[in-house]
Amino acid sequence: MEFRQLESFCAVVRYQSFTKAAEKLYISQPTISTHIRMLEQEFNSRLIIRTTKNIEITPHGKELFACAQKIFTLKNDLIQKWSEENKKIIRIGASTIPADYILPEVLPLFCQKYPDIQLHIHQNDSGNILQSILNSKFTIGMVGMKSFEKELDFVPFFHDEIVMITPKQEKFLHFSQKAFNQDDLISLLKKETIILREQGSGSKKRLESYFEQINLSEKSLNIIARLNDQESIKKLVASGLGISFISAKAITDADNLLTIKLPENSLTRSLYFAYHKDYILKEHILSFIKFVQNFYAKK
């Protein structure tokens, strides 16, 4: 089986025509027919049924088409990855806090110092980014949690604190003005409506761990909404829909919110660079990691 044969087959399936497939691939129609016949002989199965008016893709043909799409995706990914090896390109998967609040703060200075390094940044939740690193989609990740995959290494670069946010209402004022204990917090959470992050978020995972630590079950809470976007959460809280927990890094003076530190500043976490253990980090990638670490070490 050759790539050209698969290309001919996929083109016929996609355009539902031998003639159009030949035009798109700039080859003759008899060549298209030969490619498909050779595939059918190799698989010992009929892939396309051709009539005078149209063509029909057999179940085996549909199965081969799905597999061929994956093969071409892998091929294109490899070509792109290998073509980047001689260029200073860093493919970064960034979770919400790094993407929205860390990188905008760091990149202007980094790009000024290293103008020859290109950064390709994609945002997703921490869980999906870690999976994408395992699948070689990203060179490195900037995430809010570790995972148990033995293939990954994690390097901390920022110490984050998760705080409670509430609307600016009188009943919440004393929580923001004086210290309170865990019993007060649990009582408050059981009375109010709660807005939480979706699963896969690093801050959500840390919050779950904190709830376990204070023996609080999510089932005992009135959770009214789950979202992935921190800005949307802040707006919903400001509107009075409920209270929530977000990174202190996401709070600005412009937010119409009360920011409440938890008892004994107990809800903290690290943000990490994540990368595959088998991947040898090149000098320009190490330069980026060290730059970010030094940037926040000085703050």
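Reply: Gladly! Let's start with the second largest cavity, which has a volume of about 50 Å³. A cavity is a set of points, on a 1 Å grid over the protein atoms alone, where a 1.4 Å probe fits but cannot get out, and lining residues have an atom within 4 Å of a point. Grid points are joined across faces, edges and corners, and a volume is the space filled by probe spheres set on the points. This is a predicted model, where local features need pLDDT of at least 70 and side-chain atom pairs count only at pLDDT 80 or more, while totals for chains, interfaces and linings use all residues. Residues are numbered from 1 along each chain as its sequence is written, and side-chain values use heavy atoms, without hydrogens and water.

Me: Which residues line the second largest cavity?

Reply: The lining consists of Ile162, Ile195, Leu196, Arg197, Ser203, Lys204, Leu207, Ser244 and Phe245. By class, 5 are nonpolar, 2 polar and 2 charged.

Me: How many cavities of 30 Å³ or more are there?

Reply: The count is 2. The largest cavity holds about 70 Å³ of space. Its lining has 14 residues, with Ser95, Thr96, Arg197, Gly202 and Arg269 nearest the centre. Here the classes are 3 nonpolar, 8 polar and 3 charged (Ala, Val, Leu, Ile, Met, Phe, Trp, Tyr, Cys and Pro count as nonpolar, Asp, Glu, Lys and Arg as charged, and the others, Gly among them, as polar).

Me: What is the average pLDDT of the protein chain?

Reply: pLDDT is the predictor's confidence in each residue, from 0 to 100. The protein chain averages 88, and 97% of the residues score at least 70.

Key
1 Å grid on protein atoms, 1.4 Å probe; cavity = no way out; pocket = protein on both sides within 12 Å on 5 of 7 lines; lining within 4 Å.
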